[in-house]
Amino acid sequence: MTKKICLVLGGGGSKGLAHIGVIKALCENGYEITQIAGTSAGALIGGVYAANPNYKEMEKIIEHIGYVDLIKLFVDWPIKSGLVRGQKMEKFLDKICGQKRIEDLPIKFRAVCTDIIEGEKFVFSQGKLSTAIRASCAIPAIFSPIKYEGKVLIDGGALNPIPVSEVSPDRGEKIIAVGLYSKIFPKDYQKLSKANLSQVAYASMQVMVRQLSINNLAEADIKILPLVDDVNVLNFVKTKKYIQTGYDATMKMMPEIDKLFGGFLPNLFR
């Protein structure tokens with residue numbers, strides 16, 4: 001019998017590539033992902049998978065992105081509101097996701113953002129997938145906010161970094177949540193004591209996000225915490241390392257995941 005998972009993927013910039021490894025391990029062990037909710041990098045990886053549930057194809061696309069590709073993707077300068085406008089990113093997502101709408105995806109999907117007009121979370125449950133992902137990934141001071149239906153949307157991590165509340169398990173389904181902030185503290189004293197203003201501001205934001213993440217994770221049946229280094233949030237080139245880290249963390253938790261469903265589920269791919 002198929003074992004069904006509601007998967008919740010947290011934010012973390014390039015650390016989010018570990019989510020691919022999580023999905024890979026679950027699929028290889030015979031689990032079906034029926035719902036996905038994601039914030040920021042979690043919305044990116046979760047949304048791409050929800051549009052085309054083929055982790056091998058997704059892994060191949062990501063592994064072939066190099067520094068030149070990233071420059072072409074992100075050099076899209078705005079005027080005031082951020083370093084990157086994000087329009088090229090949205091076009092890239094349209095290309096790999098087929099311009100799909102959330103309500104038409106084969107896997108139920110939710111992308112979490114923060115509306116800075118009302119100071120509340122905003123969840124995309126319908127509409128253009130690429131727009132939802134772009135909005136959820138709009139890290140302040142890096143990406144420009146997204147104007148959408150009278151709202152100004154930024155990265156969802158400010159309010160709901162691991163959005164467990166946005167999945168609704170059917171009978172027999174279990175919630176697995178993935179957090180990427182378990183290895184960012186303690187900081188290096190020497191480095192942080194000499195940090196500039198933006199570095200201090202970023203570290204301060206991480207304190208808040210980590211605490212919110214702990215609260216979110218408590219609501220899941222299983223939490224997976226890949227030990228991903230605190231790296232540059234846009235360093236997407238160390239793909240294989242990050243994917244393997246997510247895979248290893250999930251395989252380590254596999255006995256606990258199997259227990260949720262009453263015992264051992266044979267690996268259908270071995």
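"Buried" here means under 20% relative accessible area, "exposed" over 50% and "partly exposed" in between, using a 1.4 Å probe and protein chains only. The model shown is predicted, so local features need pLDDT of at least 70, side-chain atom pairs count only at pLDDT 80 or more, and totals for chains, interfaces and linings use all residues. Residues are numbered from 1 along each chain as its sequence is written, and side-chain values use heavy atoms, with hydrogens and water left out.

**View 1. The whole chain, to get your bearings.** Nine helices and eight strands make up the chain's secondary structure; helices (H or I, at least four residues) and strands (E, at least two) are DSSP runs, numbered from the N terminus. Of the 270 residues in the chain, 53% are buried. Take the contacts between residues at least 6 apart in sequence: 77% of them join residues at least 24 apart, where a contact means heavy atoms within 4.5 Å.

View 2. Helix α2 runs over residues 41-51 and is mostly covered, with eleven of its eleven residues buried. S40 sits in the loop between β2 (31-39) and α2. With a relative accessible area of 3%, S40 is buried too. Its backbone deserves a look: the phi of S40 is near 55°, a positive value in a residue other than glycine. For comparison, most residues other than glycine have a negative phi. Past the helix, N52 belongs to the loop between α2 and α3. N52 is partly exposed, at a relative accessible area of 30%. From C-alpha to C-alpha, N52 and C97 are 7.2 Å apart in space, although 45 residues separate them in sequence.

**View 3. Helix α3 against helix α9.** Here α3 (residues 55-63) packs with α9 (residues 239-260) at an angle of about 145°, and the two axes are 10 Å apart. The axes are lines fitted to C-alpha atoms over the stretch in contact, and angles run from 0 to 180 degrees between N-to-C directions. The crossing of α3 past α9 is right-handed, that is, the near helix is turned clockwise from the far one by less than a right angle. On the α3 side, E59, I62 and E63 make the contact, while α9 contributes T239, K240 and I243.

**View 4. The aromatic cluster of F122, F124 and Y148.** These three residues form one aromatic cluster. Rings of Phe, Tyr and Trp (its six-membered ring) pair if their centres lie within 6.5 Å; planes under 30 degrees apart count as stacked, over 60 as edge-to-face and the rest as tilted. The whole structure holds four aromatic pairs. One of them is F122 with F124, edge-to-face, with 5.0 Å from centre to centre and 90° between the planes. F122 is buried at a relative accessible area of 16%, and F124 is buried at 1%. F124 also pairs with Y148: their ring centres are 4.8 Å apart and their planes meet at 55°, so this pair is tilted. That pair links distant parts of the chain, since F124 is in strand β4 (residues 120-124) and Y148 in strand β5 (residues 146-148), 24 residues apart.

**View 5. The surroundings of F124.** Leaving aside residues up to four places away in sequence, F124 touches I102, F109, R110, A111, C113, A132, A135, Y148 and L153. A135 is eleven residues from F124 along the chain, and their C-alpha atoms are separated by 9.4 Å.

**View 6. The loop holding E149.** E149 lies between β5 and β6 (151-155). E149 has a positive phi, near 50°, and is a residue other than glycine. At 64% relative accessibility, E149 is exposed.

**View 7. Two lysines over tyrosine rings.** K15 lies over the face of Y181, 5.4 Å from the ring centre. In a second example, K24 lies over the face of Y247, at 5.5 Å from the ring centre. A charge sits over a ring if NZ of Lys or CZ of Arg is within 6 Å of the ring centre and within 35 degrees of the ring normal.
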